[in-house]
Amino acid sequence: MIWLTWRQFRAQAVTAVAALALFAILLAVTHPQLASLYATSGFAGCHGGGCGELADAFLGQLSNLTPFGGPQAFRLLPAGANLYVIVYTIGILFILIAPAITGVFWGAPLIARELETGTGRLTWNQSITRARWLTVKLALTGTAAIAVTEGFSLLQAWWAAPISRAIDVGGSVSVFSGSRFSPFTFATGGIAPLGHAAFGFALGVTAGLLIRRAVPAMALTVAIFVAVQVVMPLWIRPHLLPADQTTAAIASTHATFSDLSGAPALTASSLPGQPGAWILSSGPVDAAGRPVSTLPAACAQTAGSLPPASRITAGSQSDVLRCLTSHGIRESVSYQPAGHYWPLQLTETGIFLALALGLAGFCFWWLDRRRA
Amino acid sequence: MTAVIEAEGLGKRYRRQWALSDCTLSVPAGHVVGLVGLNGAGKTTLLSLATGMLAPTTGTIKVLGVRPAAGPEQLAKVGYLAQDAPVYAGLSVADHLKLGARLNPGWDDQLARRRIDQLDLEPGRKAGKLSGGQRAQLALTLALGKRPELLILDEPVASLDPLARREFLQDLMETVAGRDAGRLRQPHRPAEHAAGPGRRPGPRPGLDGVRGRHGRPGARLHEASGRTQPPR
């Protein structure tokens, strides 16, 4: 059975290894310059206050630099595009779509193709039960699917380690931004890719078993996988662990004021004493801790004199913020502290692995009970 | 006399339509038996139930004494050539033999290779490039190679022209002659009975009610040729 699985899978396996190898070569070729830049940035051994500026300088250099001493080697790139920006983006993109690709092209046809072409009636009439057939198929192909995504993820983690460190200490330049809690970074870092890959694959297999035709099953797999990847960071991930709540002085949260929809909003961008925290929501509260729904009259006047939101100047912003502060208004922030990163990663990966196992169990039950 | 297939009140419903209902039959060992009926009479459904490809909606079916596809031992005893003789288009003839060898503990490699030789099937040729008749031969080789006690063929010659049909059945009969295996075969047309060696069988009444869809007359079991060995 292992032989048959390999015989049917080897073309796909070669494709996956080739894709991984190409990606590895791209990273290996660009890594030395990235590493030497990091070494000379002065930010490598930095600890404490001034690191943010050094990190910004490093990232700025990276996003403006043409590799290998000149643009000649990379004429293929459009003017103004930088190789490091592109490689970093490609890496994240690959890790994000690899679970969908393996789910669609390896998972969905796994059973559907056997049903569609009738070859299931050939294989399932050899001296081997369907349960055993499915066990070997799921174990080998599923492991390969997880390994491919994890391979991309590990390569990217190795290559982008200096960039991740710069972002962690507060650097933020062009695409090199967004904390490790930001949707794409969270989904492509840590162990989350494992769970996504397992889920995407099991989803494809199940869709193929139920629809019994490979192409519609592939389409359904994509649709569900994308929907889950949108729902997860927006509505589920923030609530996997109970969020912490705190109230801080407006100035200390680097909040931005806006009054677009009639209700005053104060969006915090950082938390004092909580570097790297994931801010879920924030808003103004009065001295008693009640949410502020209407601006104090004096501040409303200041705010009313503000130009449209898109052209709010730093000066008028700080006028409003100072006014709000003088009226005893503080900023309330709901957040996940930086220390919740790994617990959240574990929880999310656990959820997706459990979903994958549940789907696989369903496939066993369906294939055995309902018969093909 | 032992029965190789024993069905009792067997029925299968697809969504709201009954493909087979209230089928009770018993196929004795040591015979070549044909299953005859109009299109939609439920022949393929019955054979799919007998191989465990489908689970019955009502009733029970036992093949060689146990539930079809109950385990590897039971699967090893039943050879099945499914309708349209499915093979893997991307695998070569040799790959198919290897598949048979890997998945069947009782695989008779000599028998399989001899058949492939006799039939002039190139081992390196992809199954997808074979003609309909060659594909059927390859699938039959897989079914025979596992040395089953019971061989079930579902319209094995449906896709063949009359000449190839004759050759295929001749070859089939030669291959199975002398082997004590009950064989349930679904001929495409009653005329195919003539292809079997020995006397032409007269139709026997259906062993029991086999009622097809759309109120069509049910399928009938025919004994297609004489016993290959006296029943034990």
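Colleague: How many helices and strands does chain B have?

Modeller: Chain B has six helices and eight strands. Please bear in mind that this is a predicted model.

Colleague: In what order do the elements of chain B run from the N terminus?

Modeller: The order is β-β-β-α-β-α-β-α-α-α-β-α-β-β.

Colleague: And what share of the residues in chain B is buried?

Modeller: Of the 232 residues in chain B, 52% are buried.

Colleague: Let us turn to charges. How many salt bridges are there over all chains?

Modeller: The count over all chains is eight. One of these salt bridges is formed by R7(A) with D95(B), whose closest N and O atoms lie 3.0 Å apart.

Colleague: Where do R7(A) and D95(B) lie?

Modeller: R7(A) belongs to helix α1 (residues 2-40) of chain A and D95(B) to helix α3 (residues 93-103) of chain B, so this pair joins two chains.

Colleague: Are R7(A) and D95(B) buried or exposed?

Modeller: Both R7(A) and D95(B) are buried.

Colleague: What about E116(A) and R113(A)?

Modeller: Their side chains form a salt bridge as well, at 3.7 Å from N to O. The two residues are three apart in helix α3 of chain A, and about one helical turn therefore separates E116(A) from R113(A). E116(A) is partly exposed, with 35% relative accessible area, and R113(A) is partly exposed too, at 40%.

Colleague: Which residue does E122(B) meet in a salt bridge?

Modeller: E122(B) meets R125(B), and the N to O distance is 3.9 Å. E122(B) has a relative accessible area of 48%, which means that it counts as partly exposed. R125(B) is likewise partly exposed, at 34% relative accessibility.

Colleague: Now D154(B). Where is its place?

Modeller: D154(B) sits in strand β6 of chain B, which covers residues 150-154.

Colleague: Which side chain of opposite charge is nearest to D154(B), and how far away is it?

Modeller: The nearest one is R121(A), at 5.6 Å. D154(B) is buried and has no salt bridge, because such a pair would need a nitrogen and a carboxyl oxygen within 4 Å.

Colleague: With what does the side chain of D154(B) make a polar contact, then?

Modeller: The side chain of D154(B) makes a polar contact with that of T44(B), at 3.1 Å.

Colleague: Changing topic: at what angle do α3 and α5 of chain A pack?

Modeller: Helix α3 (residues 83-117) and helix α5 (residues 130-159) of chain A pack at about 175°, and their axes are 9 Å apart. The two helices, α3(A) and α5(A), are therefore roughly antiparallel to each other.

Colleague: How do the residues of that contact between α3(A) and α5(A) divide?

Modeller: The contact of α3(A) with α5(A) comprises 19 nonpolar, six polar and two charged residues.

Colleague: Two single residues remain. Where is D161(B)?

Modeller: D161(B) is in the loop between β6 and α6 (162-176) of chain B. D161(B) is partly exposed, with a relative accessible area of 44%. Between D161(B) and G133(B) there are 8.5 Å in space, C-alpha to C-alpha, for a separation of 28 residues in sequence.

Colleague: And where is the place of P162(A)?

Modeller: P162(A) is in helix α6 (residues 161-168) of chain A. P162(A) is buried, with a relative accessible area of 9%.

Colleague: How far apart are P162(A) and P284(A) in space?

Modeller: Their C-alpha atoms are 36 Å apart, and 122 residues separate P162(A) and P284(A) in sequence.

Technical notes:
Residues numbered from 1 in each chain as written. Chains lettered and ligands numbered in written order. Predicted model: local features only at pLDDT ≥ 70, side-chain atom pairs only at ≥ 80, totals over all residues. Heavy atoms only, no water. Axes fitted to C-alpha atoms, helices over the stretch in contact; angles between N-to-C directions. Helix = DSSP H or I, 4+ residues; strand = E, 2+ residues; numbered from the N terminus. Parallel < 35°, antiparallel > 145°, perpendicular 65-115°, else oblique. Nonpolar A, V, L, I, M, F, W, Y, C, P; charged D, E, K, R; others polar. Buried < 20%, exposed > 50% of the residue type's maximum accessible area, 1.4 Å probe, protein only. Lys, Arg positive; Asp, Glu negative; His and termini not counted. Polar contact = N/O pair within 3.5 Å; in protein donor to acceptor, adjacent residues only side chain to side chain.
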